[in-house]
Amino acid sequence: MSQWPAWLPLNERLRPLSPYGAPQLPAEAVLNTNENPFSLSPELAKAIALRIETVAINLNRYPDRDSTSLRRGLAAFINSLSKTQFSEGNIWAANGSNEIIQSLFLAFGDRGAMGFTPSYSMHPLIARVTNSPWIEGKRASDFSLDVELAKVEIAKTNPSLTFITTPNNPTGSSLAIAEIEELAKNVTGLLVVDEAYAEFSDEPSAVTLIEKYPHVVVIRTMSKAFSFAGVRLGYLVADKSVIDALLLVRLPYHLSALTQAAAEVALEYRGELLGNVAALIKNRDWVEEQLISLGMRVTPSKANFLLFSGFDIPAPILWKSLLDEGVLIRDVGLSGHLRVTIGSEAENALFIAALSKILQKK
Ligand SMILES: *Cc1c(COP(=O)(O)O)cnc(C)c1O
């Protein structure tokens, strides 16, 4: 971009980039970043405040730089979901899974990374920022991942990091565990499975592959199903040697004592925080039905959002018309498609009513 001042010694590779920027706009229904629409109960908010108060007395000291207690809690959480046997040595925690992704690139990215588009836009963006070569793999025209084709592309380029996102963002489609295992058998570097939406899917988690395939690493987050996006807590489940390598690139004391404390309370209240997942899945099915009855095409989703197409106005114009009706959804840059996060029943109804009104008007 030419607007950078000439005196600014900005790295050449960063000059053409734009910062990540999902619009944060006021709207009646905020359905654009796949957050959980349900806020925390007053009881949980109070429990966090009380824990923070205890921790606050020691804020003159640096936090536990290894987040040992939190990682132990996260290991127990994953073990309870997937019947695995992980300990804190198999978990790394950071400020959102985006920091996990950055650490993976810093530690392992030199030989290049591959992902299959359309997928999570931060994977290639963080690759660029960390100076890791990025190789774009392809998906089928219905956005599903053709595992056989992926194997050929992986063999051709042999990247040190192969990213798959399942359920995939922005499509919502997911891979069967057998397909992930097939990829694991054909990847020589690390197979990075981004499971930001795993709690919404009934597929087994790829964490169940790690014991047999130690080069499979799984990214999880508290930002989506866990209803805790504001805290910024993402984590990695992996073989201990992977975690040990990440210690080389982490910044000292990267995870604040406040974050660690809040996340530990969240784990204690997991029942409440994950309690709305079933309702969200039901609401997703309702929104899908409504979209189809409005003549839209919907990609089958195992996440808390839907990618839809079938409208005959340009996506940015439909996006803006919805915003004018108080509904903020996401233009993911895929021609003819928009993505909507599943919200509360009232938000979903507002979205469907607004869309119906716009489609009838034109
Ligand atoms: C939302 C999302 C993340 C989450 O990032 P956090 O930094 O944990 O909030 C990671 N991966 C994918 C695919 C996502 O959609």
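What covers the buried residues of helix 12? The cover includes strand 1 (29-30), helix 10 (277-293), strand 10 (305-309), helix 11 (315-324), strand 11 (327-328) and strand 12 (338-341). This is a predicted model, in which local features need pLDDT of at least 70, side-chain atom pairs count only at pLDDT 80 or more, and totals for chains, interfaces and linings use all residues. Residues are numbered from 1 along each chain as its sequence is written, and side-chain values use heavy atoms, with hydrogens and water left out.

Start with helix 12 itself. Helices (H or I, at least four residues) and strands (E, at least two) are DSSP runs, numbered from the N terminus. Helix 12 has 17 residues, 345-361. At 1.5 Å a residue it should span 24 Å, and its end C-alpha atoms are 24 Å apart, which agrees. The expected span is 1.5 Å times one less than the number of residues. The buried residues of helix 12 are Glu347, Asn348, Phe351, Ile352, Ala354, Leu355, Ser356, Ile358 and Leu359. Buried means under 20% relative accessible area, exposed over 50%, and partly exposed in between (1.4 Å probe, protein chains only).

Now turn to helix 10. Two packed helices are described by the angle between their axes and the distance between the axes. The axes of helix 10 and helix 12 come within 11 Å and cross at roughly 10°. The two helices are therefore roughly parallel to each other. Axes are lines fitted to C-alpha atoms, for helices over the stretch in contact, and angles run from 0 to 180 degrees between N-to-C directions. Angles under 35 degrees count as roughly parallel, over 145 as roughly antiparallel, 65 to 115 as roughly perpendicular and the rest as oblique. From helix 10, Asn283, Trp286, Val287, Gln290 and Leu291 meet Glu345, Asn348, Ala349, Phe351, Ile352 and Leu355 of helix 12. Contact means heavy atoms within 4.5 Å. The residues of this contact divide into 7 nonpolar, 3 polar and 1 charged. Here Ala, Val, Leu, Ile, Met, Phe, Trp, Tyr, Cys and Pro count as nonpolar, Asp, Glu, Lys and Arg as charged, and the others, Gly among them, as polar.

Helix 10 also lies across strand 9 and strand 10, running at about 10° to strand 10. These strands belong to an open sheet of 3 strands, with the order 9-10-12 and antiparallel pairing. Strand 9 (297-298) and strand 12 stand at the edges with a single partner strand each, so one side of each is left without a neighbour in the sheet. Two strands pair if DSSP finds at least two bridges between them. A hairpin joins strand 9 to strand 10 through 6 residues. Between these strands there are 2 bridges; arginine 297 has serine 309 as its bridge partner. Strand 10 and strand 12 are joined by 4 bridges. Phenylalanine 308 partners leucine 338, and leucine 306 stands opposite valine 340.

In a regular strand the side chains alternate between the two faces of the sheet. In strand 10, Phe305, Leu307 and Ser309 lie on one side and Leu306 and Phe308 on the other, and all are buried.

A second open sheet has 7 strands in the order 2-8-7-6-5-3-4, with mixed pairing. Its edge strands are strand 2 and strand 4 (134-138), each pairing on one side only. The twist averages 25° from one strand to the next. Strand 2 (residues 91-94) points Ile91 and Ala93 one way and Trp92 and Ala94 the other, and all are buried. Strand 2 pairs antiparallel with strand 8 (residues 234-237) over 4 bridges; isoleucine 91 has valine 237 as its bridge partner. Strand 5 (residues 161-165) and strand 6 (residues 190-194) instead pair in the parallel sense over 5 bridges, and threonine 165 partners aspartate 194. Helix 5 (residues 147-157) packs on this sheet, touching strand 3 (113-117), strand 4 and strand 5. Helix 4 (residues 122-129) lies across strand 4, strand 5 and strand 6, at about 160° to strand 4.

Lysine 83 follows helix 2 with a positive phi, near 55°. Glutamine 85 is found in the loop between helix 2 and strand 2, and counts as exposed at 75% relative accessibility.
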